[in-house]
Amino acid sequence: MLEDKVAIVTGGTRGIGLAIVRKFLDNGAKVILFGSREESINNAISLLRNENENYEVTGYCPNLCKDDEVAEIFKSIVDKYGHIDILVNNAGVSATTPIEEYTVSDFDKTMDINMKAAFVCSKEIVKYMKEEGKGVIINTSSMVSLYGQPRGVAYPMSKYAVNGLTKSLARELGKYNIRVNAVSPGVTNTDMVSNLPKEYIEPLLKTIPLGRMGEPEELANAYLFLASDLASYITGAILQVDGAAMN
Ligand code: NAD
């Protein structure tokens, strides 16, 4: 479904991002994964190459909030492959801090990686997609962007912003044949969830009509669909993949 496409996936070293990288590779794409540390990038690439030595996958760890660092890497990717077709803004951190305990620096950290990084990467990719006359941007939102959450207010705030970025860029970039969508995961079986307190997660699981967490691969299927030509008339959508949690 993605033969000859070049895709960048931020936060591609584990969890949902790694599942997206694998899914895109399995569907013929060349993938560049971004992570926060060189070691985790190398581990992810070795894992994938052990699964399939023909996977065409490389990785970088730019500061995603620094436009000059991101721009330099995007340029080197275009110099190598000639084009970038798909950008997945997936890197993210969560929080469950009560409001009185929030430091401004913790707030900034969450907003930077979840919101500002998606803005910076989108801003820097657009000129290449315009030159190609097409492109796909997929942002990772969250079910809490629709319902809020009882603690850790910066996290849902950042994901509401991701929805705003998605809907607005879809309007701004549609005339260039650049589609911009978001996937809104529910509770998904990754480190992000296993790091959260049990008393926070267990009540959430009880609200899910499908009766379980989502698996990263089930999320990755939605990204594949949105990245592919099957979604050629879909832009500005926030696709919920959450087992109808909290509906
Ligand atoms: P995860 O913690 O397993 O992975 C997070 C990824 O983000 C990692 O690859 C990590 O390297 C990257 N990252 C974190 N901080 C970074 C930084 N400062 N710079 C660069 N990269 C950084 O989490 P996950 O569950 O796979 O989450 C992926 C996305 O899905 C996030 O945007 C998250 O908000 C969203 N999400 C997850 C869930 C869930 O239940 N797991 C639910 C809703 C939304």
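This is a predicted model: local features need pLDDT of at least 70, side-chain atom pairs count only at pLDDT 80 or more; totals for chains, interfaces and linings use all residues.
## Burial and the aromatic cluster

A residue counts as buried when its relative accessible area is under 20%, and as partly exposed between that value and 50%. Phe34 has a relative accessibility of 1%, so Phe34 is buried.

Two aromatic pairs are present in the structure. Phe74 counts as buried, at 0% relative accessibility. Through these ring pairs, Phe34, Tyr60 and Phe74 are linked into a cluster.

## Helix H1 and its two partners

Two packed helices are described by the angle between their axes and the distance between the axes. For helix H1 (residues 15-26) and helix H9 (residues 216-227), the axes come within 8 Å and cross at roughly 55°. H1 and H9 are therefore oblique to each other, and their crossing is right-handed. On the H1 side, the contact is made by Gly15, Ile16, Ala19, Ile20, Lys23 and Phe24. H9 contributes Pro216, Glu217, Leu219, Ala220, Asn221, Tyr223, Leu224 and Ala227. Sorted by class, the H1 and H9 contact has ten nonpolar, two polar and two charged residues.

H1 also packs with helix H2 (residues 38-51), at an angle of about 35° and with the axes 12 Å apart. The crossing of H1 and H2 is right-handed. Here Leu18, Val21, Arg22 and Leu25 of H1 meet Ala44, Leu47, Leu48 and Glu51 of H2. The classes in this contact are six nonpolar, no polar and two charged residues.

## Packing of H4 and H6

Helix H4 (residues 104-132) packs with helix H6 (residues 154-173) at an angle of about 15°, and the axes are 8 Å apart. Angles under 35 degrees count as roughly parallel, and H4 is therefore roughly parallel to H6. H4 passes H6 in a right-handed crossing.

The H4 residues in this contact are Phe107, Thr110, Met111, Asn114, Met115, Ala118, Phe119, Ser122 and Val126. Those of H6 are Ala154, Tyr155, Met157, Ser158, Lys159, Ala161, Val162, Leu165, Leu169 and Leu173. By class, the contact holds 14 nonpolar, four polar and one charged residues.

Asn181 lies in strand E6 (residues 178-185). At 0% relative accessibility, Asn181 is buried. Apart from neighbours within four places in sequence, Asn181 is in contact with Ile137, Ile138, Asn139, Thr166, Leu226, Ile234, Thr235, Gly236 and Ala237.

The loop between H6 and E6 includes Gly174. Gly174 counts as partly exposed, with 37% relative accessibility. Its C-alpha is 36 Å from that of Asn42, and 132 residues separate Gly174 and Asn42 in sequence. Asn177 is found in the loop between H6 and E6 as well. Asn177 is partly exposed, at a relative accessible area of 45%.

Asn177 has a positive phi of about 65°, although it is not a glycine. Ala244 is another residue other than glycine with a positive phi, near 65°. Ala244 is placed in the segment after strand E7 (238-241), and at 28% relative accessibility Ala244 counts as partly exposed.

Technical notes
Residues are numbered from 1 along each chain as its sequence is written. Side-chain values use heavy atoms; hydrogens and water are left out. Axes are lines fitted to C-alpha atoms, for helices over the stretch in contact, and angles run from 0 to 180 degrees between N-to-C directions. Helices (H or I, at least four residues) and strands (E, at least two) are DSSP runs, numbered from the N terminus. Angles under 35 degrees count as roughly parallel, over 145 as roughly antiparallel, 65 to 115 as roughly perpendicular and the rest as oblique. A crossing is left-handed if the near helix is turned anticlockwise from the far one by less than a right angle, and right-handed if clockwise. Contact means heavy atoms within 4.5 Å. Ala, Val, Leu, Ile, Met, Phe, Trp, Tyr, Cys and Pro count as nonpolar, Asp, Glu, Lys and Arg as charged, and the others, Gly among them, as polar. Rings of Phe, Tyr and Trp (its six-membered ring) pair if their centres lie within 6.5 Å; planes under 30 degrees apart count as stacked, over 60 as edge-to-face and the rest as tilted. Buried means under 20% relative accessible area, exposed over 50%, partly exposed in between (1.4 Å probe, protein chains only).
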